[in-house]
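Here are a few friendly notes to read alongside the model.

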Amino acid sequence: MQEFKLAGATRPIEMHHRPRRSFLLSLSRRDLLRDLLGMSAYAGASMFTGRQQQMSMPASNSQASPPLPPVNPSQLQKPASLACYVDPLPVPPVVRPPQSGSAVPVHIRPFRQKVHRDLPPTTFWGYNNTWPGPTFEVRRGQLLTVKWSNQLPLKHFLPIDPTIHGCEPGVPEVRTVTHVHGAQVLPESDGYPDSWFTPDGKFGAVAGANPTRHPNDQAATTLWYHDHSLGITRLNVYAGMAGMYLIRDDVEDALNLPSGPYEIPLLIQDRSFAPDGTLLYPPAKNGTHPMWMQEFFGETICVNGKATPFLEVEPRKYRFRLVNGSNSRFYHLTLVPADEAGKRNGRPADAPPFRQIGTDGGLLPAPLSLHYLIISPGERFDLVIDFSEHKGMNLALVNDAQAPYARGGEIVPAEVMLFKVTKPLAAKDSSSLPDMLVPWTPLNPATAVRERILALTEMDRPPDGYTMIGLLGQKHWDDPITEDPKAGSTEIWSFANATGDVHPMHLHLVQFQVLNRQPFDVKTYMTTGKLNPVGIPMPPESNERPAWKDTVKTYGGLITRVIAKFDLPSGTVAKPGEEFRYVWHCHVLEHEDNEMMRPYKVVG
């Protein structure tokens with residue numbers, strides 16, 4: 001048994017190492033499924049006895065398997081072993097709204113890009129011929145419109161699984177729709193998964209806008225954008241469809257934080273590459289679906305499209321906008337002294353601390369001084385690192401988060417990037433890191449009109465625990481919508497995670513506040529539907545509250561409670577009964593693609 005501690009938690013949380021995909025606490029999922037098999041057919045087993053909610057495989061998976069597309073032999077190559085810290089960190093180009101107000105054109109097309117000194121160029125699919133795509137930079141209240149153009153081939157170069165919902169035979173293989181993660185926009189501009197469009201003019205079931213409109217009427221923050229097509233988000237993001245999106249405002253400007261060349265975005269994504277440069281996303285071995293795998297973990301960590309790069313810095317303060325854009329990988333990041341080759345030769349205490357100044361929804365009330373960071377897929381951390389006392393040193397950013405988090409069993413590349421404090425100081429560092437940043441007002445739980453209990457569950461293959469499907473609220477994507485907050489109302493959403501995974505849960509449209517976490521009796525919940533919390537609620541992690549968030553780690557065996565006010569974008573006039581449809585989902589993309597995503601509607 002491993003103990004680890006949530007930052008700010010009052011006591012350790014126990015993570016039990018059991019066979020792959022086990023429940024925490026006292027019940028293994030394998031035992032639960034065996035018990036349920038005696039009560040009902042496997043594919044339709046009711047996880048809540050006596051209730052109508054069913055945890056079943058989609059109909060397409062219970063019928064004869066559809067024909068499978070051939071696997072490209074290049075996907076079966078062994079990943080290359082790459083030297084670390086041999087390429088400089090690139091910084092993506094910046095795109096700002098034109099003064100004319102016209103739409104910014106973004107072309108989604110194939111291109112080739114060199115990711116490592118020792119590899120030939122790799123084929124990617126992405127935005128404006130670069131991975132990651134260009135960084136959008138806007139001012140608060142400044143309208144941005146984007147015209148998205150799908151110029152991709154009609155056949156996907158990564159393995160499509162026709163047994164995954166949204167990818168059935170007859171559905172076009174290559175589809176795109178882009179979501180700006182964390183943006184407050186109307187549904188037609190939100191990248192709804194069924195609002196996809198194809199290179200040859202076909203469209204999904206839900207109409208979407210193109211150009212999309214982004215009013216940016218929210219506080220200065222770090223957002224990011226990525227593909228969100230139903231059933232293939234994991235493939236499209238892995239292919240290269242992701243980029244950064246920054247909102248600035250006068251309040252942030254007045255803080256005099258490091259800026260210009262001393263403010264650098266860091267989009268972290270793990271990948272595997274063959275020796276010939278091929279981007280590898282192989283079909284699952286002995287999985288529960290022909291192609292789909294329960295998580296993907298790459299052999300190499302890339303930052304801004306380079307494999308384990310280095311960055312030469314001056315001995316001064318820098319601001320880093322950190323985004324975890326990986327499909328499944330969590331990161332436990334530390335900064336440690338190293339030699340010129342990047343080999344560690346010191347302790348985190350000998351390196352400068354991370355001064356975290358912001359998270360998903362914007363700046364924190366005050367900087368936090370941390371020597372480690374735990375960041376899940378979809379989360380963003382806004383950091384300041386002061387290198388002024390470390391002239392001439394090399395500092396390695398390293399990772400040791402178990403994969404899957406936090407139980408292990410898969411590849412864990414340690415090296416992320418190397419900071420070389422070797423550039424001469426160009427001028428005196430006149431930037432600031434104030435003791436106080438922005439005010440923060442807590443949402444009062446007493447104002448919540450209701451609390452929603454939302455189950456996070458998985459059905460696994462009994463012999464070995466390999467996941468077959470994950471569900472939210474015991475519902476499939478196409479089931480009737482059950483979450484319907486009123487516009488302007490405040491609700492508490494309590495995620496009851498009955499799985500052995502840590503699921504990063506993301507709500508579109510809103511920023512929320514994390515209230516607490518609390519253990520619950522998983523066995524009772526899964527067999528009766530009765531939620532019995534046990535013990536004392538634990539406070540959020542130190543960088544979760546006070547903070548605005550849109551993605552939260554939900555740990556297995558715990559209830560994670562968040563509170564949100566479901567305001568529509570500023571200026572929206574909602575008619576009584578008018579519905580605005582968004583989504584909530586797990587941001588492990590392999591889970592999201594296999595039913596761990598649900599629509600919700602805000603009702604006028």
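1. First, a term: rings of Phe, Tyr and Trp (its six-membered ring) pair if their centres lie within 6.5 Å; planes under 30 degrees apart are called stacked, over 60 edge-to-face, and the rest tilted. By this rule, Trp493, Phe495, Phe566, Tyr582, Trp584 and Tyr600 make up one aromatic cluster.

2. Please keep the basis in mind: this is a predicted model, where local features need pLDDT of at least 70 and side-chain atom pairs count only at pLDDT 80 or more, while totals for chains, interfaces and linings use all residues. Residues are numbered from 1 along each chain as its sequence is written, and side-chain values use heavy atoms, leaving out hydrogens and water.

3. Searching the whole structure gives 26 aromatic pairs. One of them is Tyr127 with Trp148, edge-to-face at 5.7 Å centre to centre and 65° between the planes. Tyr127 belongs to strand E5 (residues 122-127) and Trp148 to strand E7 (residues 144-150), so the pair links distant parts of the chain, 21 residues apart; strands here are DSSP runs of E, at least two residues, and helices runs of H or I, at least four, numbered from the N terminus.

4. Two charges are worth a look (NZ of Lys or CZ of Arg within 6 Å of the ring centre and within 35 degrees of the ring normal). Arg316 lies over the face of Tyr262, 3.6 Å from the ring centre. Lys420 has its charged end over the ring of Phe310, 4.3 Å from the centre.

5. Where is Ile232 found? Ile232 is in the loop between strand E10 (221-227) and helix H3 (233-239). Its contacts (heavy atoms within 4.5 Å), leaving aside neighbours within four places in sequence, are Ile160, Cys167, Glu173, Arg175, Asp227 and Asp593.
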